[in-house]
Amino acid sequence: MTKLTLSNLPQEIAKSLLKIGAVALRPNEPFTWTSGLKSPIYCDNRLTMGYPEIRDMIAEGFATIIRERYQDAAIIAGTSTAGIPHAAWVSQKLNLPMAYIRDKAKGHGKQNQIEGRIAEGQKVIVIEDLISTGGSSLKAAQAVREAGGEVLAVLAIFTYQFDSAAKSFEDDGFQLETLSNYSALIQEAAQQGLVAEADVATLQAWRQNPQSFGK
């Protein structure tokens, strides 16, 4: 496995996601998301669970960021459900406690939204698999904040790089970092000949204005 550094993370992770088909690109036959949005990309990072070398690369990528930028992190918290396995692997690498965050509080028992223990003032890294609008990730981070934890950052495998998502994180006061991103993915796909050069501009235009794509 290539030694991961903060500088080569975006391309190495993008390469791995493309290799296993966790990301698919169809600029001329766009996918339709649940929201109805037309998109030239579909991302399913859950597939990484089936590839030990790649899931370890992802965990090491997260661990590298935390070691270099968030050394005082005290607990790793995964978002339910896709962030949970990655949080487990990262917490194991760093020998740190782990928790996970439900999308909403349970309707029974102790009615917990956070499973595991986050103490007042404890510094937390939230692990997510994918950032689109950022809404679910911000909700999870806010749950940690309301529980008394201090969110150092939300770390995700991949982001579509929507400007609106970046603004939402900034407005809510949460730091966002990702292992890879849409720009790195398009660059890698073009280098591998997976998309035609003529389609690169179309792919880049989608990120700038996804609502108008395919209309």
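Reader: In strand 8, which residue is the bridge partner of I76?
Author: This is a predicted model. Helices and strands are DSSP runs numbered from the N terminus (helices H or I, at least four residues; strands E, at least two). Strand 5 pairs with strand 8 (residues 123-131) in the parallel sense over four bridges, where pairing takes at least two DSSP bridges. In strand 8, I76 has as its bridge partner I125.

Reader: What hand does the β-α-β crossover from strand 5 to strand 6 have?
Author: Strand 5 and strand 6 (residues 98-101) pair in the parallel sense over four bridges. The chain goes from strand 5 through helix 3 (residues 83-94) to strand 6. With the strands pointing away from the viewer, a clockwise path from the first strand over the helix to the second counts as right-handed. This crossover is right-handed.

Reader: What pLDDT do side-chain atom pairs need to count?
Author: Residues are numbered from 1 along each chain as its sequence is written, and side-chain values use heavy atoms, without hydrogens or water. Local features need pLDDT of at least 70, totals for chains, interfaces and linings use all residues, and side-chain atom pairs count only at pLDDT 80 or more.

Reader: How many of the five residues of strand 5 are buried?
Author: Buried means under 20% relative accessible area, exposed over 50%, partly exposed in between (1.4 Å probe, protein chains only). I75, A77 and T79 are buried on one side, I76 and G78 on the other. Strand 5 (residues 75-79) is therefore largely enclosed by the rest of the structure, its buried count being five of five.

Reader: Which element gives the largest share of the lining of the largest pocket?
Author: A pocket is an open set of points on a 1 Å grid over the protein atoms alone, where a 1.4 Å probe fits, with protein on both sides within 12 Å along at least five of seven lines; lining residues have an atom within 4 Å of a point. The largest pocket has 29 lining residues, and R46, D129, L130, S132 and S136 lie nearest its centre. Strand 4 (41-43), strand 8 and helix 4 (135-146) each supply at least two residues. The largest share, five residues, comes from helix 4.

Reader: Which residue forms a salt bridge with E115?
Author: A salt bridge puts a side-chain nitrogen of Lys or Arg within 4 Å of a carboxyl oxygen of Asp or Glu. E115 is buried at 15% relative accessibility. Its partner lies 13 residues away, in the loop between strand 6 and strand 7 (residues 114-115). The closest N and O atoms are 3.0 Å apart, and the partner is R102.

Reader: How far apart are the N and O atoms in the salt bridge of R67 and E60?
Author: R67 is partly exposed, at 40% relative accessible area. A network of salt bridges links D56, E60, R67 and K93. Between R67 and E60, the N to O distance is 2.8 Å.

Reader: What is the phi of N95?
Author: N95 sits in the loop between helix 3 and strand 6. N95 is exposed, at 70% relative accessible area. N95 is not a glycine, yet its phi is positive, about 55°.
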